[in-house]
Amino acid sequence: DKAGKLYLPAVQKMVSDQAGAFILLSTRQFSDAVLNLEDDPEWGPRGVILDENTKEIKVHGYITHSLVDDFERVASENPTVSTVDLDSDGGRVVQAEKMRNFIHLHHMDTLVTRECDSACTVVFLGASRRSLAQNARLGFHTASAGGFIAKATNKRLREEAASAGVSSDFLARAYTTDTMWYPSVAQLKAARVITDIVPTQR
């Protein structure tokens, strides 16, 4: 009928737009999956070392498959070392959760003396004792995958952080901001994100 003919172009456009969005989503997710399998070489150097002076395991660089494997190996080879010093701009959430679970299972402490952003904060919250140097900072933002906001992941991260004792008001902002948010030390302490503040030079 006449009404159907009037609406047909709009319906066709809607279907076309949705198909285009699906193709874009699929392409980005595929590219992201390939990079993940290749251990994200574009993210630069990363590594794990045992600091003989401080008796701490130092982790630097983006959190990927290889970094988590190296961390678990070093930690297993040095079972008396209980502190993990994190210095990372982020990485893969799933790998961060794996690292966090290892830290929690082995009752290790976490420490940040420089910077720990994005997925790194997931690892940081794995410990019961979480220390921050006076001039260091933690960065939070909403999780994404393949360039798109990952709603289910953000929901899970909020629930897991809440179980670590972090306040709901803090989490409501931490996992809904598109740009990196660096809370003050006072905010981190009040929200129970950190348990201790340590001198910059130890």
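Start at L50. Its bridge partner in β2 is I57. The two strands here, β1 and β2, pair in the antiparallel sense, and five bridges hold that pairing. Together β1 and β2 form a hairpin, with four residues between them. One caution before I go on: this is a predicted model.

Now the turn. Which residue in the turn of this hairpin has a positive phi? It is K55, with phi of about 60°. As background, most residues other than glycine have a negative phi. K55 sits in the loop between β1 and β2. Is K55 buried, exposed or partly exposed? The relative accessibility of K55 is 48%, so K55 counts as partly exposed.

There is a second case. R192 is not a glycine either, and its phi is positive, about 65°. Look for R192 in the loop between α7, residues 185–190, and β10. R192 has 45% relative accessibility, so R192 also counts as partly exposed.

Back to I57. On the β3 side, the bridge partner of I57 is V84. Here the sense is parallel: β2, residues 56–60, pairs with β3, residues 83–87, over four bridges. So much for one pair at a time.

Take the whole sheet. It is open, it has six strands, and the order is β1-β2-β3-β4-β6-β10. The pairing in this sheet is mixed. Which strands stand at the edges? They are β1, residues 47–51, and β10. Each has a single partner strand, so one side of each has no neighbour in the sheet. From one strand to the next, the twist averages 25°.

Move along to β6, residues 130–133. β6 runs parallel to β4, residues 109–112, and three bridges join them. In that pairing T110 stands opposite R130. β6 also pairs with β10, residues 196–198, again in the parallel sense and over three bridges. There S131 has D196 of β10 as its bridge partner.

Where do the side chains of β6 go? R130 and L132 point one way, S131 and A133 the other.

On to the helices. Take α2, residues 65–77, against α3, residues 93–105. The angle between α2 and α3 is about 10°, and their axes are 9 Å apart. The cut-off for roughly parallel is under 35 degrees. α2 and α3 are therefore roughly parallel to each other. On the α2 side, the residues in contact include L67, V68, F71 and A75. On the α3 side they include M99, F102 and I103.

α3 has another partner, α5, residues 151–163. These two pack at about 20°, with axes 12 Å apart. α3 and α5 are therefore roughly parallel too. Their crossing is left-handed. V93, E97 and R100 of α3 meet T153, R156, L157 and E160 of α5.

A119 lies in helix α4, residues 119–124. How accessible is A119? Its relative accessibility is 2%, so A119 counts as buried. What does A119 touch, leaving aside neighbours within four places in sequence? Its contacts are I63, G90, G91, R92, V93 and A96. Then there is Y62. A119 and Y62 are 57 residues apart in sequence, yet 8.8 Å apart in space, C-alpha to C-alpha.

Last, the chain as a whole. It has 202 residues, and 41% of them count as buried. The secondary structure comes to seven helices and ten strands. Take the contacts with a separation of 6 or more: 64% of these are between residues 24 or more positions apart. The accessible surface is about 11,300 Å², and carbon and sulfur atoms account for 57% of that.

That's it from me.

Notes: Residues numbered from 1 in each chain as written. Predicted model: local features only at pLDDT ≥ 70, side-chain atom pairs only at ≥ 80, totals over all residues. Heavy atoms only, no water. Buried < 20%, exposed > 50% of the residue type's maximum accessible area, 1.4 Å probe, protein only. Pairing = 2+ DSSP bridges. Contact = heavy atoms within 4.5 Å. Areas by Shrake-Rupley, 256 points an atom, 1.4 Å probe, with all protein chains shown as cover. Axes fitted to C-alpha atoms, helices over the stretch in contact; angles between N-to-C directions. Parallel < 35°, antiparallel > 145°, perpendicular 65-115°, else oblique. Left-handed = near helix turned anticlockwise from the far one by under 90°.
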